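Biologist: I am new to this one. Could you show me how to read it, feature by feature?

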Amino acid sequence: MLFNSDSAEEWDAILDKYSIALDHYVASKKDDALTGLDEWYQSTLPAILATRKPQSIDSSELCKLMSWKLKRGKFRPNLAKLAASNTDSSVKLVSQKAFALISSSSLKAAIAEMSNLKGVGPATASAILCAAAPDKVPFMADETMASVPGLGPIAYTAGYYLKFAEKVIDKAAALKRKGAKTSSPHLVEKALWTEYMLDKYVEKKVTSSSSAKAAVKKSSEATKGESAKEKETQKTTLTKRKDVPLTGDDDQEDKKKKLRSSSRITRSA
């Protein structure tokens, strides 16, 4: 399990494979829209928020972020409808308050504030906050939470998220001290998601391919063994046939001997 590793090199090597993991996931879902949405969430949105003073998101950005989240994880159509029902003014106001709380290092309060929007729970709230402060907030993804030991069964509550966030933040700090590129809470959870997807899609294919090759090899060896046995049987049979006299020829020779003997007796008589 990657989370138990203290190797900066190992974490960075996994993080570098994020695009590969994403491609496999997109292919499994047969939905190319996620590729563009992920680029927007990982790069475009954070750049926009970094220049916006005071920081906030609008309703269209909330809906787009929700679309990214649902395509990248479990699809819950009701959440998209609820998120779309928020007014633009309420989204801007609530997100502005939540971003300000993050700046004062109050993750618990920021999650609670962002969750005042309809359709926004701890997971979506963490995704919004992470886009603005990736150095302080990890995104709450199912695959990532499953990759962190000691959390117990996944629960979509603020309390569970804070336990998860604490472990990820501590891991990011430890890796940063080692000089790792994977040095923020967001990059740590991103690397964990990558490892999860590689194990699920890439390693599974390798295992299946190896099993198929082993089966073919075993079948080939069995066929060769049967062929060798058949050849040995045929050889033994031919040897036996050479050693056994031909009955028809023996009968003919006996008849000739009897005729010669009879002829001598007649001449003597």
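Biologist: Which side chain meets Lys92 in a salt bridge?

Modeller: Start with the general idea. Side chains of opposite charge can pair when their charged atoms come close. Keep in mind that this is a predicted model. Here Lys92 meets Asp88, at 3.1 Å from N to O. Both sit in helix H6 (residues 88-103), four residues apart, so about one helical turn separates them.

Biologist: Which helices hold Asp38 and Arg72?

Modeller: Their side chains also form a salt bridge, at 3.8 Å from N to O. Asp38 lies in helix H3 (residues 33-51) and Arg72 in helix H4 (residues 59-72), so the bridge ties together parts 34 residues apart in sequence. Asp38 and Arg72 are both buried.

Biologist: What does the overall fold consist of?

Modeller: The protein chain has twelve helices and zero strands. Of its 269 residues, 36% are buried.

Biologist: Which residues have the most contacts inside the largest nonpolar core?

Modeller: The general idea comes first. In soluble globular proteins, nonpolar side chains tend to be buried together. In this chain the largest nonpolar core has 66 residues, and Tyr41, Met114 and Leu129 have the most contacts inside it. Helix H8 (residues 122-132) gives the largest share, eight residues. Beyond its neighbours within four places in sequence, Tyr41 touches several residues, including Leu65, Trp68 and His186.

Biologist: Where does pLDDT stay under 50 with zero contacts beyond four places in sequence?

Modeller: That is residues 262-269. Over residues 244-256 pLDDT also stays under 50, and the model has two such contacts there. Where pLDDT is low, the predicted coordinates should not be read in detail. For the protein chain, the average pLDDT is 85, and 75% of the residues score at least 70.

Methods. Residues numbered from 1 in each chain as written. Predicted model: local features only at pLDDT ≥ 70, side-chain atom pairs only at ≥ 80, totals over all residues. Heavy atoms only, no water. Helix = DSSP H or I, 4+ residues; strand = E, 2+ residues; numbered from the N terminus. Buried < 20%, exposed > 50% of the residue type's maximum accessible area, 1.4 Å probe, protein only. Core = buried A, V, L, I, M, F, W, Y, C linked by side-chain atoms within 4.5 Å. Contact = heavy atoms within 4.5 Å. pLDDT = per-residue confidence, 0-100. Salt bridge = Lys/Arg side-chain N within 4 Å of Asp/Glu carboxyl O.
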